[in-house]
Amino acid sequence: MAKGSLRSPKKSEARRVRTDMAVAAAASTSRSVPDAIKPGALLKSLLDDPVRYVGSSRDELKASMSLEAARASHFEVVNETTTADNNEADIPPPTAKDAAASSLPLYTPRIVPQFPRAHMRAAGLHNRGNTCYMNSVMQALLHTPPLAHAMLTQSVPTLLGRYGMPRTKKQALKAANAFNAVAALKEFFERAYSGASAVTPSQFIANLRKFARPLRPGRQEDAHEYLRLLLESMQHACTCFARKSVAPNDPVLMTTLIQKIFGGRLRSRVTCHSCRHNSDTFDPVLDLSLDVRKGIASVKQALDAFTAPEMLSDKYRCDHCHRHVDATKRFTIDATPLALTVHLKRFTIFGNKINKTVSYGERLHLGRYMSERQKGLGADQTMDEESLSTIGAAQQYRLYAVVHHYGSGPNVGHYVASVRSSDGTWLRMDDSYVSPLSHCPLDDPSAYLLLYVREPVALDATTTTPMASPRKGPMHPPPSPKKRKVAPLRRDRPEELSAEEDEGLGQPLSRAEYQHSRTSGDSSDEASIDQELTLPPPLSKKDVRRRKRRKLARRSLA
């Protein structure tokens with residue numbers, strides 16, 4: 001017992017010593033782990049992601065090269081990590097300030113419908129192998145006044161807008177490898193107006209398959225199809241980096257530079273014959289394609305046929321009465337563009353061409369072909385001060401370019417453009433050969449595309465005809481009939497109107513009857529439409545006295 005009692009304190013003390021040593025070792029180990037990890041993490045944070053050269057058999061670490069430079073140099077990333085800078089989904093949600101900015105137009109500068117400088121002369125364009133269709137369209141764009149002013153005065157970020165500029169590194173790499181039609185067109189405008197005799201649209205020829213996939217380099221193509229694909233590519237360049245929350249039919253997408261100049265809107269109205277309910281559908285358009293068959297001999301007749309009511313062959317299910325009934329469908333122009341492109345459908349589905357003459361005028365009025373609530377207004381339908389100054393402008397267009405086609409089919413022949421320069425003279429652009437024209441080429445049987453620009457009308461334009469030449473000196477409007485001196489009337493005893501006077505004054509008309517009388521008349525003649533913009537002849541003194549006597553007689557009877 002004594003021996004055992006002597007050994008037990010030693011064992012217990014040794015056990016305590018071993019326990020203390022284990023605890024100390026564990027504590028030192030726990031302290032050394034973070035100290036060992038921290039330098040490695042710090043070093044890793046300082047170094048870029050390692051990359052490997054694809055064309056080499058050995059792996060090389062390019063720590064000094066950035067990730068964007070490595071991708072641009074076709075290096076392959078070994079351990080790429082998705083970060084908030086490279087992932088569009090990790091973009092922070094829009095704030096209240098961003099939400100307020102989202103309602104602003106994408107192209108903020110004011111559209112100026114004139115050239116930036118007077119007496120500007122564009123260069124001819126070299127033909128690089130069946131590129132006459134491209135050259136004629138590019139000449140028409142070069143002589144579009146609002147487009148030329150924007151391309152020659154604004155920067156590329158301003159032309160693209162906020163949805164056309166990349167916001168992340170991934171979008172920046174995508175934009176660097178993609179073809180930007182807006183930036184290429186700005187560079188082309190600067191070269192064409194640099195004073196050279198002839199230039200080449202090299203970027204559009206080299207990248208034709210990128211923005212116009214159906215077209216083939218070195219082959220004769222359709223000029224209208226090329227124009228449509230080019231405008232769509234420019235619209236895509238201005239909206240390619242929009243947020244995913246932006247719907248395809250968001251109104252803000254209609255505020256780009258292309259939509260403000262070339263964008264319009266058609267209204268398709270289906271009228272039920274049973275309940276007379278109207279169902280409207282609106283479609284954005286960049287041009288107006290008109291059928292020139294079926295005995296059509298002018299652009300007016302083509303517009304009449306385009307906007308004529310058409311009886312639906314099948315039964316239509318009305319959304320109002322919920323029955324299958326007969327219905328009528330009609331197209332009207334709901335919003336007019338600033339630059340109107342009229343496409344004459346001369347090519348049939350079998351590849352033949354209609355070579356007959358389709359007459360067209362230097363000026364075009366669209367008032368009778370527009371929707372009822374939009375007559376006299378432009379593409380922006382808000383009645384603010386700016387739109388009030390353009391009342392009636394949607395009815396008046398002036399021709400500024402014609403694209404001609406000479407040949408028997410869409411894939412053969414030759415394209416030439418006739419354009420109106422900044423000084424008002426007409427030029428014939430036959431590839432690199434430029435020659436003056438003595439007059440506007442009207443009623444040309446080779447006309448394929450007609451390009452018009454809208455002419456704004458000021459508020460005081462009702463005092464004179466819109467086509468009259470400006471006069472020198474201040475303009476004084478004629479005095480109002482109310483300010484004319486008339487003979488004083490004796491108000492003590494009103495006179496009764498005679499039968500002859502009452503017949504001369506006529507019966508009063510309601511507003512509906514007055515509108516019906518204006519629309520029921522023959523308005524096919526442009527001269528009659530012009531007369532509507534002028535003031536009626538002033539009343540004579542006799543008519544003023546008759547009108548006042550009639551008013552006094554009504555008051556006495558009341």
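Helices (H or I, at least four residues) and strands (E, at least two) are DSSP runs, numbered from the N terminus.

This is a predicted model, in which local features need pLDDT of at least 70, side-chain atom pairs count only at pLDDT 80 or more, and totals for chains, interfaces and linings use all residues. Residues are numbered from 1 along each chain as its sequence is written, and side-chain values use heavy atoms, with hydrogens and water left out.

**Glu221 and its surroundings**

- Glu221 counts as buried because its relative accessibility is 4%. Buried means under 20% relative accessible area, exposed over 50%, and partly exposed in between (1.4 Å probe, protein chains only).
- The Glu221 side chain reaches the backbone nitrogen of Arg216 at 3.0 Å.
- It also makes a polar contact of 2.8 Å with the side chain of Arg219. A polar contact is a pair of N or O atoms within 3.5 Å; within protein, one must be able to donate a hydrogen and the other to accept it, and residues adjacent in sequence count only if both atoms are side-chain atoms.
- Neighbours within four places in sequence aside, Glu221 is in contact with Tyr133, Leu215, Arg216, Pro410, Asn411 and Tyr415. Contact means heavy atoms within 4.5 Å.

- Four strands make an open sheet, in the order 6-5-11-8, with antiparallel pairing. Two strands pair if DSSP finds at least two bridges between them.
- Strand 6 (278-285) and strand 8 (310-311) are the edge strands, and each pairs on one side only.
- Strand 8 pairs with strand 11 (residues 327-335) over two bridges, in the antiparallel sense. Glu310 stands opposite Lys329 in strand 11.
- Strand 7 (residues 288-291) pairs with strand 12 (residues 339-345) in the parallel sense, over four bridges. Asp291 stands opposite Lys345 in strand 12.
- Which residues make up the covered face of strand 7? Leu288 and Leu290 do, while Ser289 and Asp291 form the uncovered face. In a regular strand, side chains alternate between the two faces of the sheet.

**Helix 13**

- The buried residues of helix 13 (residues 299-306) are Val299, Ala302 and Leu303.
- These residues cover an arc of only 100 degrees around the axis, so they lie on the same side of helix 13. The arc is that of the directions from the helix axis to the C-beta atoms.
- An α-helix has 3.6 residues a turn, so residues three or four places apart point the same way.
- The cover over the buried residues of helix 13 includes strand 7, strand 12, strand 13 (363-364) and strand 18 (447-454).

**Salt bridges**

- The structure holds 13 salt bridges. A salt bridge is a side-chain nitrogen of Lys or Arg within 4 Å of a carboxyl oxygen of Asp or Glu.
- Arg191 and Glu187 meet in one, at 2.6 Å from N to O. The two are separated by about one helical turn, because they are four residues apart in helix 8 (residues 181-192). Arg191 is partly exposed, at 24% relative accessible area. Glu187 is partly exposed too, at 26%.
- Arg269 forms a salt bridge with Asp280, with the closest N and O atoms 2.8 Å apart. Arg269 lies in strand 5 (residues 264-272) and Asp280 in strand 6, so the pair ties together parts 11 residues apart in sequence. Asp280 is partly exposed, at 33% relative accessibility.
- Arg398 and Glu362 meet in a salt bridge at 3.6 Å, N to O. This pair links distant parts of the chain, 36 residues apart: Arg398 is in strand 14 (residues 397-406), and Glu362 is in the loop between strand 12 and strand 13. Arg398 is partly exposed at 26% relative accessibility, and Glu362 is partly exposed at 23% relative accessible area.

**Positive phi values**

- Most residues other than glycine have a negative phi.
- His119 has a positive phi, near 60 degrees. His119 lies in the loop between helix 3 (96-102) and strand 3 (124-125). At 65% relative accessibility, His119 counts as exposed.
- Asp431 is not a glycine, yet has a positive phi of about 55 degrees. Asp431 lies in the loop between strand 16 (426-430) and strand 17 (433-437). At 12% relative accessibility, Asp431 counts as buried.
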